[in-house]
Amino acid sequence: MAYYCTLKAELHIAADDAHKAIECISQARSVQEENEEGWFAVDIHRAHGELFRKLGQGDKAETEYRRGLSSARESGDLLNQLRCSMGLVELAQNSTRAEQLLSDLEMLRNRITQGNESPDLLRAAELLGSR
């Protein structure tokens, strides 16, 4: 159920419907906590980071991306580490931290050896190509 709520939130984020996205993220967090679905916390943090980034709330977005990144590292989830890192890179474009974040993203990208044509890896390549 938390997965479904997060997917709905991502759709609302893409449609620029922040109010509905917030409702879905709140519901996803509640379900996740109620059902002790800790494995799904990364995706909720990442979606929340995306929402805050779109709303221009960079500090809150960074906090959520970093929480997601930390959870993904703890579980060894390379794909979600990559996704959270891409969010941080997009957030920090044109800042002094961008180069370090791009280096971190490149290290993660190089650790993933399959799925080179997947949307996430293509997006990572695009971000890295903008260096």
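Trainee: Which helices each supply at least two residues of the lining of the largest pocket?
Mentor: Happy to start there, keeping in mind that this is a predicted model. The largest pocket holds about 300 Å³ of space. Among the 14 residues that line it, Glu10, Arg46, Arg83, Asp120 and Arg123 are the closest to its centre. The helices that each give at least two lining residues are H1 (2-14), H3 (41-54) and H7 (119-129).

Trainee: And which helix gives the most to that lining?
Mentor: By class, the lining of the largest pocket splits into six nonpolar, one polar and seven charged residues. With six residues, the top contributor is H1.

Trainee: What is the geometry of the aromatic pair formed by tyrosine 3 and phenylalanine 40?
Mentor: The count for the structure is one aromatic pair. Its ring centres, in tyrosine 3 and phenylalanine 40, are 5.6 Å apart, with 80 degrees between the planes. Planes over 60 degrees apart fall in one class, so the pair of tyrosine 3 and phenylalanine 40 is edge-to-face.

Trainee: How many residues apart in sequence are the parts that this pair ties together?
Mentor: Tyrosine 3 sits in helix H1, while phenylalanine 40 belongs to the loop between helix H2 (18-34) and H3, so the separation in sequence is 37 residues.
The two partners have their own accessibility values, too: tyrosine 3 is partly exposed at 47%, and phenylalanine 40 is buried at 3%. To come back to your number, the parts tied together are apart by 37 residues.

Trainee: Let's move to charges. Is glutamate 64 buried or exposed?
Mentor: Glutamate 64 has a relative accessibility of 6%. Under 20% is the cut-off for the class, so glutamate 64 counts as buried.

Trainee: Where do aspartate 43 and arginine 46 lie?
Mentor: Their side chains meet in a salt bridge of 2.9 Å, N to O, and aspartate 43 and arginine 46 are both buried. They are three residues apart, about one turn, and both lie in helix H3.

Trainee: Finally, how many salt bridges does a search of the whole structure find?
Mentor: Some salt bridges form a network, which links Glu50, Arg53, Glu90 and Arg123. For the whole structure, the number of salt bridges is 11.

Note on methods. Residues numbered from 1 in each chain as written. Predicted model: local features only at pLDDT ≥ 70, side-chain atom pairs only at ≥ 80, totals over all residues. Heavy atoms only, no water. 1 Å grid on protein atoms, 1.4 Å probe; cavity = no way out; pocket = protein on both sides within 12 Å on 5 of 7 lines; lining within 4 Å. Points joined across faces, edges and corners; volume = space filled by probe spheres on them. Helix = DSSP H or I, 4+ residues; strand = E, 2+ residues; numbered from the N terminus. Nonpolar A, V, L, I, M, F, W, Y, C, P; charged D, E, K, R; others polar. Phe/Tyr/Trp six-rings, centres within 6.5 Å; stacked < 30°, edge-to-face > 60°. Buried < 20%, exposed > 50% of the residue type's maximum accessible area, 1.4 Å probe, protein only. Salt bridge = Lys/Arg side-chain N within 4 Å of Asp/Glu carboxyl O.
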